[in-house]
Amino acid sequence: MAPKEIRWGILATGGIARTFTKDLTVDPTTRGVTKVKHVVVAAASSSSKTRAEAFLKECNWPNAKAYGSYEEFVKDPNIDVIYIATPHSHHYQNAMLCLEAGKNVLCEKAFTVNAAQAKKLAEKAREKNLFLMEAVWTRWFPLSIYVREQITSGRIGTVYRVQADLSMADNPDKTYADGKNRMVNLELAGGAQLDLGIYALTWCFQTLYHTQPASERKPPKVQATMKHFSVTGSDESTTVLLTFPRSEKLGGDAHAVAMSSIRVATDPANGIASGPAIRIQGDKGEIQVFPPAFRPVDTRVILSDGTVEDKHWEQPGPGKGSGFYNGFGDTIQPEGVGQGMFWEADEAAVAIFEGRKEGSFLDLAESIVIMETMDEIRKQGGLKYPDKIETLDYPVAL
Ligand SMILES: NC(=O)c1ccc[n+]([C@@H]2O[C@H](COP(=O)([O-])OP(=O)(O)OC[C@H]3O[C@@H](n4cnc5c(N)ncnc54)[C@H](OP(=O)(O)O)[C@@H]3O)[C@@H](O)[C@H]2O)c1
């Protein structure tokens, strides 16, 4: 059977929108996906139509339609699903705009600014019978599926503790001195927790929460501390202790530590001599996942009988000689290697093809529990965002 063509619209033309939209050019059969294929039919920039045109040309979708307004773009009848890639401050307003216009949505992380907004979006998607998913791409990597299977198969015994870190030494005093960048700007929901800490939480949740039967999953208890950036008051470092309640049958409570920072790095010398970013510890062994937590490619399983099993998980792509390059920021992957954002795109496309309204490895209920966890972390850490980005009102011009 010929693959079903899923027609994407891209909302915003910044850094991650570029990476995602380039990954959509990679033929899904290079990763064994045959049910769907992706086509980008439109992109919108809030700044200008010219910017959207340049973006589409650069991302190799020259025939897609460019818009200079999100409001006009969401009315395009050719779009099946919209990928939202604005700062997190804008996700609630942008996702509501798309859902109100009857469009399926894949929305970048952090899903929203707070849990109340996430719940409202979930209600709206249900009311309109639309697909909605938070774009935590790492959850769909074969590496993540393997890690979860190592846990559920019991290979490392019962997991009692997880440590997860996503930190990068960006020296905010220099890099973000004027306080305007979305990483530190409160108006754009800046701070380590919502931008980086979401990945540390993702690893805690996908190992200690998602691996439990759905009926057994309970939200974790939270103890959190934050260090604030002197220029804006956003969090530059956040450390969280989590207690995941589990039945006695499943081993009782499990502990996790989730860390994020823009002052110190998980991996200061980029792969040289740093240890794992994530350690998943059971009573028969542990799984290590090497940095970065958002796009890991190496795992190690160490069992108490002395077994050590290393695996490398290169992202697929069109291969050497293809002239294809992708990456994010200063990190460009070797020729022909995808960034890996296509896995979540495949999930959204297959879900739409099959008539599912939520993601398989991260549904809306779990995104909401994670947002509730982040609300509590911010409360304990003393980080509040401006009312206009915490609001449930819609529409609000930001
Ligand atoms: N999955 C990942 O690996 C990953 C990596 C980085 C970021 N992210 C997430 O993706 C989102 C965007 O991050 P990014 O790094 O791509 O940011 P970025 O480079 O700053 O791009 C954000 C884009 O949003 C649009 N925008 C609309 N209103 C804006 C406003 N008031 N201020 C700034 N931008 C505005 C702009 O596009 P137009 O001018 O075209 O409208 C801008 O280019 C964030 O939620 C972030 O957490 C995910």
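Buried here means under 20% relative accessible area, exposed means over 50%, and partly exposed is in between, using a 1.4 Å probe and protein chains only.

## About the model

This is a predicted model, where local features need pLDDT of at least 70, side-chain atom pairs count only at pLDDT 80 or more, and totals for chains, interfaces and linings use all residues. Residues are numbered from 1 along each chain as its sequence is written, and side-chain values use heavy atoms, with hydrogens and water left out.

Ser 237 counts as buried because its relative accessibility is 18%. You'll find Ser 237 in strand 9 (residues 235-244); strands are DSSP runs of E, at least two residues, and helices are runs of H or I, at least four, both numbered from the N terminus. Lys 227 is 10 residues from Ser 237 in sequence, and their C-alpha atoms are 5.2 Å apart. Setting aside neighbours within four places in sequence, the contacts of Ser 237 include Thr 225, Met 226, Lys 227 and Arg 263, where contact means heavy atoms within 4.5 Å.

Ser 144 sits in helix 6 (residues 142-152) and is buried too, with a relative accessible area of 0%. Not counting residues up to four places away in sequence, Ser 144 touches Thr 138, Arg 139, Trp 203 and Gln 206.

## Rings and charges

The structure holds 11 aromatic pairs. One of them is Phe 20 with Tyr 83: the ring centres are 3.7 Å apart and the planes are at 15°, so this pair is stacked. The pair links distant parts of the chain, with Phe 20 in helix 1 (residues 15-23) and Tyr 83 in strand 4 (residues 81-84), 63 residues apart. Both Phe 20 and Tyr 83 are buried. For the cut-offs, rings of Phe, Tyr and Trp (its six-membered ring) pair if their centres lie within 6.5 Å; planes under 30 degrees apart are stacked, over 60 edge-to-face, and the rest tilted.

Elsewhere, ring pairs join Trp 137, Phe 141, Tyr 199 and Phe 294 into a cluster. Two arginines also lie over ring faces: Arg 148 over Phe 361, at 4.4 Å from the ring centre, and Arg 246 over Tyr 160, at 5.7 Å. To qualify, NZ of Lys or CZ of Arg must be within 6 Å of the ring centre and within 35 degrees of the ring normal.
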